[in-house]
Amino acid sequence: MIEFHDVHKSYAVNGQSIAALQSMQLKVLRGEIFGLIGHSGAGKSTLLRLINRLEEPSGGRIIVDGVDVTALDAQGLRRFRQRVGMIFQHFNLLSSKTVADNVAMPLKLAGELPRVQIKQRVVELLARVGLSEHANKYPAQLSGGQKQRVGIARALATDPKILLCDEATSALDPQTTAQVLQLLAEINRELGLTIVLITHEMDVIRRVCDRVGVMDGGVIVEHGLVSDVFLHPQHPTTQRFVQETEGDTDLAPGEDYQHVSGRIVRLTFLGEATYAPLLGRVARETGVDYSILAGRIGRIKDQACGQLTLALTGGKEMLAEQQLRAAGVHVEVLRP
Amino acid sequence: MSELLMNLDWYEIWQATLDTLLMLGGSLLFTVLLGLPMGVLLFLVGPRQMFEHRAFYALLSFFVNVLRSLPFIILLIVMIPITVIMTGTSLGVAGAIPPLVIGTTPFFARLVETSLREVDRGIIEATQAMGASTRQIIFNALLPEARPGIIAATTVTAITLVSYTAMAGVVGAGGLGDLAIRFGYQRFQTDVMVVTVILLLLLVQVLQSVGDRLVVRFSRK
């Protein structure tokens with residue numbers, strides 16, 4: 001759906017060229033929610049804005065839905081942007097217009113629908129985001145979560161195939177964040193919308209994204225399925241992000257379990273295996289004893305997952321590992 | 001009592017009030033018509049804006065500053081030949097409007113530029129992301145969002161114009177200020193002075209409160 005071919009972007013600052021993005025290769029699939037995570041200054045905001053060319057690339061090609069965005073002229077670019085929705089951290093609603101007029105704005109600007117149909121469409125959109133009774137209020141009268149819902153309704157007005165989310169939940173409290181993320185997931189599911197979101201919170205990625213790219217210093221240092229990246233982070237930046245959300249001790253540098261005896265392994269459960277009474281059974285059958293050193297159990301999007309760090313003792317540790325692997329558990333030996 | 005108000009010719013005062021209102025209305029209209037586009041232009045080519053153009057901004061800015069630094073009384077006199085070409089006379093209401101407009105337009109344009117800069121950049125970005133043309137960004141986002149600021153700028157400009165109309169009496173423009181100077185000051189008719197000043201005061205009060213009310217009405221923040 002969205003492809004970056006060797007895209008780079010640099011800014012001229014005081015006559016010096018500073019690279020914001022370096023030879024970026026990226027593929028976002030149709031209908032997925034793709035998350036980009038990075039600290040501020042990592043280049044994620046630039047990357048997002050390259051998709052609808054709010055930022056001009058310094059080189060490379062960006063293909064969106066078969067169209068080479070980098071080759072569009074001014075008129076073509078406006079047409080293209082009308083088919084790409086965008087929501088923002090600070091909502092960016094027009095304070096001088098009512099909720100209904102804000103939502104109607106992209107349709108009015110496109111000038112394709114007659115007024116009556118725009119009205120009808122606005123009613124539908126507000127119903128979808130649950131704000132029907134606020135149509136005639138002004139943005140200043142709404143809460144943050146409601147404002148972002150207006151933003152979402154506005155972004156969906158022209159029936160786009162792609163939705164770009166720029167830190168859409170960063171200005172919201174945790175509960176409202178959860179509601180807005182849920183709405184995004186719902187839209188993705190029901191409308192088949194491709195969503196690209198950027199965030200600095202791993203939790204946002206874990207809740208809604210299918211795939212994730214981790215950015216640092218203008219490059220994507222790690223990318224893949226959220227479950228893979230989240231449970232087996234490779235790059236130090238990724239590990240830090242996971243640690244920040246999990247407070248996970250065995251990822252912390254310097255933790256070596258010196259005071260614990262036995263073979264130390266990390267088990268990763270995904271899906272059904274998470275809830276199966278595996279450990280007890282394997283321990284009984286092999287006579288291996290285990291103590292739990294660290295662990296986390298949670299969900300990644302709609303999938304249950306768990307990760308346990310165990311110390312195994314009793315002699316038949318290898319057999320236990322084999323049985324666990326056979327049951328679909330990922331086993332990683334931290335200390336033989 | 002009649003002794004006190006003996007110099008008052010109410011017809012003359014009425015005529016002068018009318019002249020002041022005409023000068024004010026006419027010059028305010030043209031000031032807004034010229035100054036608003038000029039302010040938008042200043043904003044657009046200004047630093048870190050959509051059509052940033054350093055040389056052009058510097059030039060326009062310089063032109064605006066020159067006009068603003070010129071004392072109005074000098075401008076009035078300098079403008080006489082141009083006014084004659086434009087209106088056929090340098091006297092009366094028609095003769096006063098061109099210098100008044102030239103005097104306040106740069107001032108108003110600056111105020112417009114400032115209120116446009118106050119518009120959240122994110123709103124411009126969001127409108128761009130919707131696929132709006134520059135024209136649409138200006139008319140559908142920038143101007144509506146800056147409306148309270150522009151109304152306040154218009155109010156300030158109108159009040160500045162009231163005091164400028166008084167000076168315009170120097171070149172024979174008529175109006176309340178002229179009456180105050182010619183009769184109240186030069187002929188020592190204190191009653192005329194007091195009445196005209198009260199009328200000017202009332203005019204400024206009305207302009208300010210109408211302006212304030214409109215700002216509140218259009219502020220949604």
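Biologist: What share of the contacts in chain B between residues at least 6 apart in sequence join residues at least 24 apart?

Modeller: The share is 72%, taken among contacts in chain B between residues at least 6 apart in sequence. Two residues are in contact if their C-beta atoms, placed from the backbone, lie within 7 Å. This is a predicted model, in which local features need pLDDT of at least 70 and side-chain atom pairs count only at pLDDT 80 or more, while totals for chains, interfaces and linings use all residues. Residues are numbered from 1 along each chain as its sequence is written, and chains are lettered from A and ligands numbered from 1 in the order in which they are written.

Biologist: What is the confidence in chain B?

Modeller: pLDDT is the predictor's confidence in each residue, from 0 to 100. Chain B has a mean of 89, and 97% of its residues reach 70 or more. Within chain B, the lowest confidence is in helix α8 (residues 176-185), with a mean of 79, and the highest is in α6(B), at 95. The model as a whole scores ipTM 0.83 and pTM 0.85.

Biologist: How many helices and strands does chain B have?

Modeller: Chain B has nine helices and zero strands. Helices (H or I, at least four residues) and strands (E, at least two) are DSSP runs, numbered from the N terminus. Along its principal axes, the C-alpha atoms of chain B fill a box of roughly 70 × 40 × 25 Å.

Biologist: Which elements of chain B give two or more residues to the side that touches chain A?

Modeller: In total, 19 residues of chain B are in contact with 20 residues of chain A. The elements of chain B that give two or more residues to that side are α6 (121-129) and α7 (134-168). By class, the side of chain B that touches chain A has seven nonpolar, six polar and six charged residues. Here Ala, Val, Leu, Ile, Met, Phe, Trp, Tyr, Cys and Pro count as nonpolar, Asp, Glu, Lys and Arg as charged, and the others, Gly among them, as polar.

Biologist: Why is A:E167 called buried, and why is A:D159 called partly exposed?

Modeller: A residue is buried if 20 or more other C-beta atoms lie within 10 Å of its own, exposed if 12 or fewer, and partly exposed in between, with C-beta atoms placed from the backbone. A:E167 has 20 other C-beta atoms within 10 Å, so A:E167 is buried. A:D159 has 13, so A:D159 is partly exposed. By that cut-off, buried residues make up 42% of the 221 residues in chain B.

Biologist: What is the phi of these two residues, and where do they lie?

Modeller: A:D159 has a positive phi of about 60 degrees although it is not a glycine, and A:D159 lies in the loop between α5 (144-156) and β7 (162-166) of chain A. A:E167, also not a glycine, has a positive phi near 50 degrees. A:E167 is found in the loop between β7 and α6 (174-191) of chain A.

Biologist: How do you know that β12(A) and β13(A) pair?

Modeller: Two strands pair if DSSP finds at least two bridges between them. β12(A) and β13(A) have eleven bridges, in the antiparallel sense, so they meet that definition. One of the bridges joins A:G295 to A:L308 in β13(A). The two strands form a hairpin with two residues between them, and A:K301 in the turn has a positive phi of about 50 degrees.

Biologist: What makes β12 and β14 of chain A edge strands?

Modeller: The open sheet of four strands has the order β12-β13-β11-β14 (chain A), with antiparallel pairing. β12 (289-300) and β14 (330-335) each have a single partner strand, so one side of each is left without a neighbour in the sheet. Further in, β11 (residues 263-270) and β13 (residues 303-313) of chain A pair over eight bridges, and A:R263 has A:L312 as its bridge partner in β13(A).

Biologist: Which strand of chain A pairs with β5 over two bridges?

Modeller: That strand is β4(A), and the pairing with β5 (residues 67-68) is antiparallel. A:I63 stands opposite A:D68 in β5(A).
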